[in-house]
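Subject: Structure for you to look at

Hello,

Here is the structure I promised you. Please open it first, then read my notes below.

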Amino acid sequence: MFEIFQYDFMVRAFEAGIAVGIAAPLIGMFLVVRRYSLMADTLAHVSLAGVAIGLLFAINPILSAVILAIVASVGIEGLRLSRRIFGESVLALFLSGSLAIAVIILSLAKGFNANLFSYLFGSISTVSTNDLWVTIALALAVLVFITLFYKEFFFISLDTELAQASGTPVKRLNLVLVMLAALTVALSIRIVGTLLVGALMVIPVIAAMQYGRGFRTTLLLSVLFSLVSVIAGLFASYYFDLASGGAIVLIALGIFLISMVFSKRP
Amino acid sequence: MPVGNDILIELDNVSFSYGLVPVLERLSFSVHQGEYLGIIGPNGGGKTTLLKIILGLLDPMEGTVRIFGKDRHDFTERYRIGYVPQRATQADGSFPATVFEVVRSGRTPRLGLFHGFTKKDNVAVVRAMEIAGIERYSRTLIGDLSGGERQRVFIARALAGEPDILILDEPTVGVDIGAQKTFYEFLESLNQKHKLTIIFVSHDVDVVSQKTQTLLCLNHNLVCYGPSLDLLDDHILKRLYGQEAAKIKHNYHV
């Protein structure tokens, strides 16, 4: 069974997958409880535009995706705070806008459609050593930031106005959170793909929420569900020759359905 | 509780408007140590705006606000003011947090960034839950509690920060009538037994005038301000709420 680990690319895929599997729900938890789940999907679509720009100009598509996602996250937060547009509408604006940019670029520059498929749905054979180190560094950064600001992120998520009134630097911490979300999304592309990375940030969290536990336990459960999904998904991807992103998300969905059955929530 | 001489909050000629619409006009009053101040007024009369100015969430267009003797811009010890926002009882029931976690979050402002919770914080949290009478719900999810119980959790959260002033904005919205009576008794005990200064915004004219020491009637400007007992006559009520207003006594008071 474990001849899978004879291949370096599979070992890299598992290592990067585990890093992404830890980082995605840690950020996703704070997005979900603030009713901001669509943020993950929006940033994923922005990343797709970043990938398209990278492919067009022959620069590292992951790098261009990271840069564009971070710039977009700052723009989204800025527009949301300006209150000139509803928060959800800002997300819709960036989601459809970036998808339109991606589609136009891809139709202009014909010829990398096959390559694009791996960015859309994830491809385990494409994780380079560089990708791996960058992904691990990101996961560590997410872990450090969440640990450092856990109590503030919790406080803001529960009651933003109260946190603001109490002198908590809400705007700066929100910016940190959306930038971390942008990084996580962009760097998860190799494993899960742009179209499915949002699911990895959200589904394990809502599955964990079904067990009616406290915040910390739910957070840890969501990381566990995410890791099980990633690891089982990568095995399925290798043995059944499936797109890794699809396999991972389907397993996460399976965990969610099982959680619904055993749900303690009324 | 006897009111002390120390002035905790002082507003001098404060005005505020949203765009061209004036909401507060030349408001001046002060809150003393140990005072139990009730604020009443019609919807849109500026009650919540006033609280937001005190809390530092809004800047007044004119006038000065001093908190604990300092200009509001120089006042950094925000944890000294505990705040229970409007509609706290209708907070998201699906939020996955236990009562302990919610109450403990009230320690966050006091600790500041980069400091984790310690045993001392847990002691303060347990004490706040005991004062609010919710210690038995410590491990219960916030969403599994009734409106009245949740209200106590959010007050315990404010108390966990060991504030000098407790500000409550329409705290009985979503709390059933039976629980409201106990709730008002609880607020009285916080003021009298625990020496907490309380600012309490409510629609309930009768309860506020019965329970609080000082009454502030607000309809863009100060309609009345002074000792609560017998301050509210029909004339003032009509200036506050219009020609048809009348005070109806009900049985919340103890």
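**Where the chains meet**

In this predicted model, 21 residues of chain B are in contact with 21 residues of chain A. Which elements give two or more residues to the side of chain B that touches chain A? They are helix 2 (99-105) and helix 3 (108-111) of chain B. Helix 2 of chain B supplies the largest share, with 3 residues. Sort that side of chain B by class and you get 14 nonpolar, 5 polar and 2 charged residues.

**Chain B as a whole**

Chain B has 254 residues, and 44% of them are buried. Its elements are 8 helices and 10 strands. Look next at contacts in chain B between residues at least 6 apart in sequence. Of these, 69% join residues at least 24 apart.

**The largest nonpolar core**

In soluble globular proteins, nonpolar side chains tend to be buried together. Here, the largest nonpolar core has 164 residues. Which residues have the most contacts inside this core? They are A69(A), A181(A) and L200(A). Helix 1 of chain A, residues 8-33, gives the most to the core: 16 residues.

Take A69(A) as a place to start. Set aside its neighbours within four places in sequence.

Best wishes

Key: Residues are numbered from 1 along each chain as its sequence is written. Chains are lettered from A and ligands numbered from 1 in the order in which they are written. This is a predicted model: local features need pLDDT of at least 70, side-chain atom pairs count only at pLDDT 80 or more; totals for chains, interfaces and linings use all residues. Two residues are in contact if their C-beta atoms, placed from the backbone, lie within 7 Å. Helices (H or I, at least four residues) and strands (E, at least two) are DSSP runs, numbered from the N terminus. Ala, Val, Leu, Ile, Met, Phe, Trp, Tyr, Cys and Pro count as nonpolar, Asp, Glu, Lys and Arg as charged, and the others, Gly among them, as polar. A residue is buried if 20 or more other C-beta atoms lie within 10 Å of its own, exposed if 12 or fewer, and partly exposed in between; C-beta atoms are placed from the backbone. A nonpolar core is a set of buried Ala, Val, Leu, Ile, Met, Phe, Trp, Tyr and Cys residues joined through C-beta atoms within 7 Å.
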